[in-house]
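This report describes aromatic ring pairs and the surroundings of a ligand. Please consult the sequence and the structure shown here while reading.

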Amino acid sequence: MTEPVVAMPPFAPLYGVGTETVQLRWLTVEYRTDPEVLARLLPAPLAPAPDPLVAIWVAEFLGAGFHLPDGTVEQRPPYLQAGISVQCRRQDEVGAYPLTFFIEGLNHGTLGREIFGLPKKQARAVTLTEDGDEVTGRIVTANDIEIVTVRARAATPGAALDPIPEWFGHHFALKLIPSAEGTGYDISRLVRIPFRTSRPTGGWDGTAEVTVRPSAADPVHLLPCLEVTSARYGGIRLDIGFGTYLDHVDHVPVAGTPDWGSVAPSGR
Ligand SMILES: CC(=O)CC(=O)O
C-alpha cells in the first residue's frame with residue numbers, strides 16, 4: 001500500500017497533495033545568453049545544452065485543480081506567476097532547469113516549492129497585459145524592482161500552437177532543504193517534474209523585446225539577452241504529475257555571491 005503524503009503543518013495541512021491540472025494564459029520569450037554564465041549556474045550532473053537558451057515566461061493560472069487521492073479536487077482562485085528557466089541536458093535528455101519562479105501570493109506556490117523544489121519566491125507584482133496584437137509581461141520583485149519586462153508582438157495570429165516550449169516537458173528542479181542547525185543543507189536532490197500540455201487555443205508566434213534590470217537579490221541580469229529566438233503566447237492546459245527523484249547534488253551553485261561559491265551538505 002502507498003503511504004499518504006503528509007504536508008506541513010500536519011495538524012492542519014496548508015495544501016492537499018495531489019496531481020495538478022491548470023488552465024493557463026501563457027507567454028514565453030526565449031533568448032540566447034552568455035554560455036559561460038549559464039554553465040556556471042547548472043548543478044552537476046546537469047550540463048549545458050548545445051544552445052545557451054533562457055526562457056522567461058509569464059502566465060495567468062486561471063483555475064488550478066489539485067486531484068487528491070480521495071477523489072476530490074481542490075480548486076484555487078486565479079493567480080499570476082512568472083519564471084526564468086534555462087535549457088540544460090541530463091545525460092541524453094534536454095530539459096529545463098528553473099532558476100526562479102515569481103508568484104503573487106506565495107501560499108499558492110507552497111505545494112510546488114515544498115514537494116518538487118520549484119524555486120518560488122514572493123513577487124510584489126506579476127502582470128500579463130494584452131493590447132491589440134501585443135502582450136507585455138512584467139516581474140516586479142518583493143523589494144519593488146521591475147527586473148523583467150518582455151514585450152511580444154504577434155506575427156502569425158490564430159495558430160493553435162503550444163506557448164510552452166517543448167523542452168519544458170522535463171523540468172529538472174533542485175529540491176534544496178536547508179539544515180535546521182545553521183550550516184549547509186539536509187536535502188539537495190534533482191527532481192524530474194513531468195509537464196504535459198494539451199488543447200492549445202488562440203496562440204501566436206511573434207517577435208519580442210526583453211529588458212532585464214539589475215537586482216542583487218534576483219540577479220536575472222547575469223543572463224543578458226543576446227538574441228531573441230522565439231516568442232509565443234496563447235491558452236494551454238497543463239498537467240503536472242508527481243515527480244521522480246534523480247541525482248543527489250553535492251555542489252550547489254549560488255549565483256551573485258562574489259566568488260559564485262557553493263554550499264555543502266549538513267552531514268546528516
Ligand atoms: C508551474 C507551476 O508553478 C506548478 C505549480 O503549480 O506548482
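## Aromatic rings and ligand site

Ring pairs link Trp26, Trp57, Phe101, Trp167 and Phe168 into a cluster. Rings of Phe, Tyr and Trp (its six-membered ring) pair if their centres lie within 6.5 Å; planes under 30 degrees apart count as stacked, over 60 as edge-to-face and the rest as tilted. The model is predicted: local features need pLDDT of at least 70 and side-chain atom pairs pLDDT 80 or more, while totals for chains, interfaces and linings use all residues. Residues are numbered from 1 along each chain as its sequence is written, and side-chain values use heavy atoms, leaving out hydrogens and water.

In the whole structure, a search finds 6 aromatic pairs. One of them is stacked: Phe61 and Tyr79, at 5.0 Å centre to centre with 20° between the planes. Phe61 has a relative accessible area of 6% and is therefore buried (under 20%; exposed is over 50%, partly exposed in between, with a 1.4 Å probe and protein chains only). Trp167 and Phe168 form an edge-to-face pair, 5.1 Å centre to centre and 75° between the planes; both residues are buried.

Phe61 is also among the residues that surround the ligand, including Gly112, Leu118, Phe195 and Ile240 (a heavy atom within 4 Å).

| Side chain | Distance to a ligand oxygen atom |
|---|---|
| Glu20 | 2.9 Å |
| Gln81 | 3.1 Å |
| Lys120 | 2.7 Å |

Terms used:
Polar contact = N/O pair within 3.5 Å; in protein donor to acceptor, adjacent residues only side chain to side chain.
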